[in-house]
Structure formats: structure tokens, C-alpha cells
Amino acid sequence: LVFIPPVIRMSGPAVSAALVGGTENVTVSLALLQDEMGILPVPTCGLPSNETEDWSLTVTPSMNMLEVTVRLKTDVERCSANETNSLSASPCLVQTLLVSASHGSSCSAHLLIQVEIYANSSLARNASENMTVIPNQVYQPLGPCPCNLTAGACDVRCCCDQECSSHSRELFRQSCFTGVFGGNVSPPFDQLCSAAKTAHHVPDWFPFLCVQSPLTNSPFLGYFYHGAVSLKQDSAFGIYLHTDLKDLSDFGYKQGDPIMTVDKAYFTIPQVSLAGQCMQNAPVAFLQNFDVKCVTDLEIRQEQDGIRNVKIKNGAIGGIVTPKVTYEEAADLDKFITITETLSNKGSAPRNVNLEEHYVFRWNNNTISEISVTVIRANIDAHQKGIVTQRFTVKFLSYNSDNEKELSGNPGYQLGKPVRVLNTNRMNDTTTLHLWQPAGRSLCTSATFTPVLFGENALSGCLLEVGINENCTQLRETALERLDSLIQATHVAMRGNSDYSNLSDGWLEIIRVDAPDTGAGPSAWSTPGVCLGVPAQLSIRILISEVGAVEGVPQQEILAMETRFSSVDWQYQCGLTCEDKADLFPLSASVQFIKIPAQLPRPLTRFQTNFTEYDCNRNEVCWPQLLYPLTRYYQGEPYSQCIAKGLVLVSFLVLAVFLSNPWTRICREWN
């Protein structure tokens, strides 16, 4: 027997612990220990007792354990009797309790409870149920007086403490805390005219450009500016924003902007976070596709069918788009729902569960022209228990596209978009490069596929079940077939917008290294459990390069693509004895993007070789790039704007020279 935890420090009216082990015929008793000179006596099992003068003991049987609860029977009236000392730092009730568990006359386990109840705890007075109002941290700091550490008392040297009287504040006015800790959350900014009195080395022209302004008009937003404000959830498809956040969707959406509803709320669809959790109220970003699966308990999942009623802003002033919803019935529920238990209740009506939701957004420039939703649902028992796997997809298509063939860029590829390929040996030549996305036992028979994304190196694999008497030729054919199913393509697109119907529109033939011969190697009957030359790895190498820029955005193209198979020798792994059980043979596939420069780098000149102090790659100070914004190499802004800003900068420099101290001294001597 053992108590979990064995020691508890108690500051409230009740505590609980678990007694695990052989809990049959166990007697639990409670005793009050009297310590002498800070030393506790040796724990012993006394007479069975479930209560003392102020304490009660309750034992609740549970699954393979006992839940032991110790509760205070009476209120601590002596704590709140002295109101003047209600904020005392010392505890008003200090006791030590011992809970013992015994089998017959032998002690088996002990639980030590150290009680320390303070006067300002919830036992002394009722807690306030008023909700704390968090101010907007842009205009009012969240902690205006950090040195105010004691409630209801004056903190010495804390001049911003409102609980200090004027007489008390006079005692330490000359020794107040400075900085943010002392309440100076809005320090004087450098442009104030009064700052010249305390600052050193103020330039001569400072009085001409300083600002007369109160501290409340400071441009300093505070050290607590980037605070988090909790958002309130009010509907299934929208999260209302904070009142101070601006909604700029009326002026058009940009890529990555959250889609807004007419109620000034985010349009939300369940998505998967980076930690793998399913977020039920995740905003949908403009022009960002996703395909996710969420695993939810049927008892917790509450279907909220409000897609038809939501109104979404289309990106123009006053524009509204209402989704067009189409419902379909699921054919096979076993793919989505894992049933654990069904409670029969003939009086209850069945309920609908959405298994898949597919959203298609039609966009035109920076607006949304149409939204269509396809919902695949099923009717289940209202009291059915189990796990449901839901799928949510979002796809953005151009308003004038006839089909749902998605572009991967225009013209060059975009990072994260699927690599476009086609197969000229089939009638339906449109296809995709795939990688495995295994689940469960990671078997190849149950693995799903995920597309190969441009610019993202990846590695995936799955497992084949192989027996000790496996036919080697059959094993090679099966492994090669699994690997070859990932690359059912003959050509790859150079650009992200290559036309599928025109083979001459930037389509490159995929270079295939000859696959291994599946009939090679010794036969299975000569060497049982050993197969040589089994295809086990598929390597896909794609050469990419930057070929230019469109409106300052670099464009990347595919120069070539090669696929290569690698073989290994397989041997059945035996334990102490070789039993005819299935062994696991791993298959893997990797994708590597290799970037090749479009042109060779410039060779170093003799000046750069000899005078390394002027090399910008080797020194922190780069003198050759002193006027870099005025050169043709700067592509951040138009050249005419760079020249105009440069002339304005030169005029300011000339004005500073005229107002500088040496120049005024020369003018004074001249006069």
C-alpha cells in the first residue's frame, strides 16, 4: 500500500490523495500529531478514527484504489475575528495530520498533511466574483505601478502607490524607485525640449527642432504593449475580434489576411496546429489552401450546422458572399468512425455528424466572388460512443478557371505548392508526385499519400510484411511496385503555370535510372529467409534555379528531375528461434531540391583580392556600399524615388553643416 502523494501541504478546506495497492480489508484512520520543539513523533497506527475535533475523513472506493479526502468541518472564525490583522503574513491555523492505512494490526502506509491556513484565504471572507477588466495596453499600461507589491498597505519608496498618504510619501520622496519599477512606464522622450536640461552633448540646433508636449502624448507605447487579449467565441464559424482591432477587409484581401464575416469576426474552420492538436476555431487565411484531419470523441463533438447562415465579406465595401452548401451522404462509415460502444435508447432521434467539409473559394484580384461547400455527413445514434476522423479542406481557385486544376505559381513555382507532373501513357494524363503518409502500424497497405511540395525536402517510408519463406522474386516485384506507385509520371513542368494540354509549354521528361532486375538473385528455396537486391529506396532529385523576377518577386523553375532506385539485401531476423512470423521490411522515399545558380558568380578582381579590408563579406564595415540605395543594384524602390530621397538627405546634411558650431563660429569671426 502507498499514498500518492505521501506528503501534502494544505492551505484550503479540503485535500485528497489516492491509496493504491491491495485495498481490500484496509482500515484508514486520522490522527492529529503534536510536535515538540519542531520534531514530529514516529507515525503509528492508532485506533480507527474517521474524524477529530475539527477534521473529518472520507474514503471513497474507486477502480483499483481508494480516494481519501480530509476536510475541515468548522469555519476558522478566529482568523477573521481580528479585522485589523486580517492581512497578517503569519498563518492563523497550523496543524499536522496523519492518515494511516493498516491491514489488521500492521501499519502499511502513512499520509502526512501539513496544514497552514492564512487569514486572507477564502475561509476568512467570500471571494469577489467581479471579473477583472483588462485595459487596452496601447493606451493604458497593464502594470502602471510595478513597485506596489503589498495590497492595502503603503510600500516604502514606491511613489506611485495610491495607498500611501501624502505625509508618508514625503518621508521617501527623495528616494523613490526609478525606471519602470517605480512607475515611470512612459519615460520622457528625447525630442522634448525639457530633455536638454538633463541630457549631455545636446547639439546646437536642438532648440529649433525640439517638441513642447506633455508626457501623456509620448510616442512610447510602453513595455507591455505586446500583450495578449483573450478573444470571445460566440459562434461556430466566427470569433469576434477585440473592439480596437481594425477590419481592413473592405479595402481588399491580401495573401495571408484572415477572412472576415459581416459581424466583424473571423471565418473559422477546424485546423491542426503545429503541435498536432485540432483547433476548432482557427481563422481561414486568404489564398492559403490546406487539407487537415481532426480526430474527435463523438461524446464531445457537437455539430453546429451554421454554414448556410454565415455571411462573409468579399473584400469590397458592402460586398457580401453567402456560401452555397451541398450535402452528401457518406457511403462507408468505417473509414471515419471507430465505434467503441452503442447505448440503445429507442426514444432518442439520430443525429447528423459532418465527416468531411470541402470549401472552394473563387477569387478575383483581392476579392472573393463565390464560395461553395460540399459537406459529407452521416446519421448515427444519438448515444453512440466512439472516435470520429473528420476532414476539412480549403482550396482557392481563380474566378475564370473552368476546372479545379490548381496552378503552382505564375509563372514560376511558389514554395509549398505541389510539383506539377503528367503521364503521357494514360488517357487522363494529370497526376501528382506522392510520398507516403503512414498511420497506425505504418504498413504500406494502409498508408495514404501526400503530394511532393516545391522547395521542401522530405523523407517518408512504410513497412512491408514479409515471411521467412517469402518468394524473393515476388518480394522484389512488390517492393518495386510500391516505390513506383509514387512516381506515376513521365514529364515534369518547368513552371508553375505550364499547360497540361500543351506538351511543348515547358514540360521536361523525367530522367529515370534503370530499375533493378526483379528476377536477379538466388531463388527462395536455396537460401530461406535471404533475398539479395531487393529495391528499398527511391531517391527523387529535382534541380531548380532562379530565372528572373516579376515585380521584384524571384521566379523559380525546375531544370531537371531524376528518379533512382537503391537495393539492399534482406535477411529474416530471428529471435531465439526462427518462427514463421511476419517480418517487417522498410521502404523509403526521399525528395531533394538542389538549387543551381542561373549564372556563374563574378570572379574576384585584383583589387578585391589584394585589399581585403574593402571586402563586404569579410568586414563589418562595408565602405563600397555606403551609397548603395543610390546605385542600380538596389531593387527595393524605383530608382527615381531613391534619387529624390537622396537629394532630400543631402539638403538636410547641408542644413546641419550651416547650423553646426564651427560654421556659426566662422560667421561670427567674419562679422
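User: Which residue in β8 stands opposite H103?

Analyst: This is a predicted model, in which local features need pLDDT of at least 70 and side-chain atom pairs count only at pLDDT 80 or more, while totals for chains, interfaces and linings use all residues. Residues are numbered from 1 along each chain as its sequence is written, and side-chain values use heavy atoms, leaving out hydrogens and water. Strand β7 (residues 93-103) is antiparallel to β8, with 11 bridges between them; strands here are DSSP runs of E (at least two residues) and helices runs of H or I (at least four), numbered from the N terminus, and two strands pair if DSSP finds at least two bridges between them. In β8, the residue opposite H103 is S106.

User: In the hairpin of β7 and β8, which residue takes a positive phi?

Analyst: The hairpin of β7 and β8 has 2 residues between its strands. A positive phi near 70 degrees is taken there by G104.

User: What is the bridge partner of I8 in β8?

Analyst: Strand β2 (residues 7-10) also pairs with β8, through 4 bridges and in parallel. Within β8, I8 has as its bridge partner I113.

User: What is the bridge partner of L19 in β6?

Analyst: Strand β3 (residues 14-20) and strand β6 (residues 65-72) run antiparallel and are joined by 7 bridges. In β6, L19 is paired with L66.

User: How many disulfides does the structure hold?

Analyst: A disulfide is a pair of cysteine sulfur atoms within 2.5 Å. By this criterion, the number held by the structure is 8.

User: How many residues apart are C159 and C176?

Analyst: C159 and C176 form a disulfide with an S to S distance of 1.6 Å, and its -50 degrees about the S-S bond make it left-handed. C159 lies in the loop between β8 (106-117) and α2 (166-171), and C176 in the loop between α2 and α3 (206-209), so that distant parts of the chain are linked across a separation, in residues, of 17.

User: Is C444 buried or exposed?

Analyst: C444 is joined to C462 by a disulfide (S to S 1.9 Å), which is right-handed, with 90 degrees about the S-S bond. C444 sits in the loop between β23 (434-437) and β24 (448-451) and C462 in strand β25 (residues 458-466), so the link ties together parts 18 residues apart in sequence. Buried means under 20% relative accessible area, exposed over 50% and partly exposed in between (1.4 Å probe, protein chains only). Because its relative accessible area is 4%, C444 is buried.

User: Why is the disulfide of C472 and C531 left-handed?

Analyst: The sulfur atoms of C472 and C531 lie 2.0 Å apart in this disulfide. The link is left-handed because the torsion about its S-S bond is about -85 degrees.

User: A polar contact of 2.7 Å joins the side chain of E562 to which residue?

Analyst: E562, in strand β30, counts as buried because its relative accessibility is 17%. A polar contact is a pair of N or O atoms within 3.5 Å; within protein, one must be able to donate a hydrogen and the other to accept it, and residues adjacent in sequence count only if both atoms are side-chain atoms. The side chains of E562 and R564 make one of 3.3 Å. The partner of E562 at 2.7 Å is R541.
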